[in-house]
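Got a few minutes and a new fold to look at? Here are some exercises to work through with the model open beside you.

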Amino acid sequence: MSTQKKVALVVGANGVIGKNLIDHLSTLEGWDVIGLSRRGDRSSSPRLRYIAVDLLDANDTREKLSGLTQVTHVFYAAYQDRPTWAELVPPNLAMLVHVVNAIEPVATRLEHVSLMQGYKVYGAHLGPFKTPARETDAGHMPPEFNVDQQNFLEARQKGKAWSWSAIRPSVVGGFALGNPMNLAMVIAVYASISKELGLPLRFPGKPGAYDALLEMTDSGLLARATVWAATDPRCANQAFNINNGDLFRWSEMWPKIARFFELEVAPPLPMSLDVVMADKGPLWTSMMEKHGLVHPYEDVSSWRFGDFVFSWNYDMFADGSKARRFGFHEHVETEAMFFQIFEDFRRRKVIPKSASRLPVRRGPDL
């Protein structure tokens with residue numbers, strides 16, 4: 001492996017995955033970082049800069065990336081949301097193709113392309129699937145853009161000096177604004193609004209989802225695992241499930257989350273958050289004034305994704321032992337992850353601070 005300075009191109013820099021990956025890379029010696037997103041970012045440093053680019057536009061992508069000759073590692077975590085599974089395929093495949101088409105001819109030192117995937121590879125979004133899911137599991141009926149993206153990389157890499165990896169996290173927990181897939185934000189804002197209205201914290205998911213087994217992936221752990229897989233030669237051209245390492249049920253976790261927000265718990269009540277929270281913008285504006293919050297409602301709303309996760313009335317977890325066999329041994333307690341993220345939201349004035357600042361009672365390990 002080259003001993004020269006590494007240059008990371010993080011595609012999807014403002015999402016919960018890309019942002020936390022940039023934060024991690026920025027702490028590592030020997031790395032410079034370039035972040036790509038539609039909006040770009042005004043912040044920069046000697047080792048970090050951002051480029052605003054429309055990845056759906058092949059010409060704009062080629063023009064904006066034409067000067068990135070020193071890139072050694074591409075970390076692809078971009079995502080375009082669409083209403084149906086079939087509609088997700090064209091834009092999400094096209095963006096990856098445009099990036100690789102633009103970078104490969106100019107980045108002569110390219111070593112690795114990392115692709116961020118998820119459990120959709122296993123059909124987890126379609127209904128009950130084989131658990132624990134393993135990287136060797138059989139494929140499922142398309143459409144599925146994660147699979148198409150990996151097929152593209154595998155075909156493109158043949159005979160090339162660079163390698164690829166596919167990283168498959170569960171639901172990712174971390175900080176990001178305006179992100180369509182941020183479960184921790186969904187819970188924090190839902191709990192804050194419940195408290196403002198004097199309501200108990202009701203689990204809004206489908207019957208059965210309250211007792212299903214599931215897991216999550218801490219964004220910091222994911223960032224470390226992603227860089228590990230991209231730089232360890234043993235991981236070349238491999239896929240890895242990356243998760244916290246523990247399982248939980250909402251029936252156990254939900255009361256603990258309620259306790260954190262100093263809320264009572266009432267029995268679950270199935271409801272679409274996308275529907276019932278649609279009129280809460282004015283309430284949130286008043287909460288911003290009352291509690292000194294700094295982010296408008298549209299930046300903290302991920303209700304559609306919350307409905308998606310809370311609809312899983314079946315087990316949702318994968319086997320993470322392959323990563324351990326290849327050398328990555330980190331783990332995170334999911335309960336602690338939730339509380340740390342919520343406290344981070346409070347520090348950033350995303351949600352109101354606790355009124356009484358009571359200490360959170362920790363339950364036994366799950």
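This is a predicted model: local features need pLDDT of at least 70, side-chain atom pairs count only at pLDDT 80 or more; totals for chains, interfaces and linings use all residues.

Residues are numbered from 1 along each chain as its sequence is written, and side-chain values use heavy atoms, with hydrogens and water left out.

**Exercise 1. Find out what mean pLDDT the protein has, and where pLDDT stays under 50.**

Step 1: Start with the overall figure. pLDDT is the predictor's confidence in each residue, from 0 to 100. Its mean here is 94, and 96% of the residues reach 70 or more.

Step 2: Over residues 357-366 pLDDT stays under 50, and the model has 22 contacts for them beyond four places in sequence. (Contact means heavy atoms within 4.5 Å.)

Step 3: Check the record. Helices (H or I, at least four residues) and strands (E, at least two) are DSSP runs, numbered from the N terminus.

**Exercise 2. Work out which residues have the most contacts inside the largest nonpolar core.**

Step 1: A nonpolar core is a set of buried Ala, Val, Leu, Ile, Met, Phe, Trp, Tyr and Cys residues joined through side-chain atoms within 4.5 Å. Buried means under 20% relative accessible area, exposed over 50%, and partly exposed in between (1.4 Å probe, protein chains only).

Step 2: Pick out the residues. The largest core has 75 residues, and those with the most contacts inside it are Trp-250, Trp-284, Phe-310, Phe-338, Phe-342 and Phe-345. Helix H5 (residues 183-196) gives the largest share, ten residues.

Step 3: Apart from the largest one lies another, of 30 residues, among them Ile-51, Tyr-76, Ala-102 and Ala-166.

**Exercise 3. Is Ile-187 buried or exposed, and what does Ile-187 touch?**

Step 1: Locate Ile-187 in helix H5. With a relative accessible area of 1%, Ile-187 is buried.

Step 2: List the neighbours. Leaving out residues up to four places away in sequence, Ile-187 touches Trp-250, Trp-254, Ile-257, Phe-310, Phe-338 and Phe-342.

**Exercise 4. Sort the buried and exposed sides of helix H9.**

Step 1: In H9 (residues 281-291), the buried residues are Gly-281, Trp-284, Met-287 and Met-288. Down the axis of H9 they fall within an arc of 110°, so they line one face of the helix. The arc is that of the directions from the helix axis to the C-beta atoms.

Step 2: Recall the geometry behind this. An α-helix has 3.6 residues a turn, so residues three or four places apart point the same way.

Step 3: Turn to the other side of H9, where Pro-282, Glu-289 and Lys-290 are exposed.

Step 4: See what the buried side meets. The buried residues of H9 pack against H5 and helix H10 (297-300). Among the residues that Trp-284 touches are Val-189, Ile-193, Tyr-297 and Val-300.

**Exercise 5. Do the sorting for helix H2, and see what its buried residues pack against.**

Step 1: Asp-60, Thr-61 and Leu-65 are the buried residues of H2 (residues 58-65). They fall within an arc of 115° down the axis of H2, so they line one face.

Step 2: The face turned away carries the exposed Asn-59 and Glu-63.

Step 3: The buried residues of H2 pack against strand E1 (6-11), strand E2 (31-37) and helix H3 (85-103).

Step 4: At the start of H2, a side-chain oxygen of Asp-57 comes to within 2.9 Å of the backbone nitrogen of Asn-59.

**Exercise 6. Which residues does each cis peptide bond join, and what is phi of Asn-237 and of Glu-262?**

Step 1: Most residues other than glycine have a negative phi, and most peptide bonds are trans.

Step 2: Another joins Pro-142 and Pro-143, with omega about 15°. Pro-132 lies in the loop between strand E5 (112-116) and helix H4 (145-157), and Pro-143 is in the loop between E5 and H4 too.

Step 3: Phi of Asn-237 is near 60°, a positive value, and phi of Glu-262 is near 60° as well. Asn-237 is partly exposed at 30% relative accessibility, and Glu-262 is partly exposed at 25%.

Terms used
A polar contact is a pair of N or O atoms within 3.5 Å; within protein, one must be able to donate a hydrogen and the other to accept it, and residues adjacent in sequence count only if both atoms are side-chain atoms.
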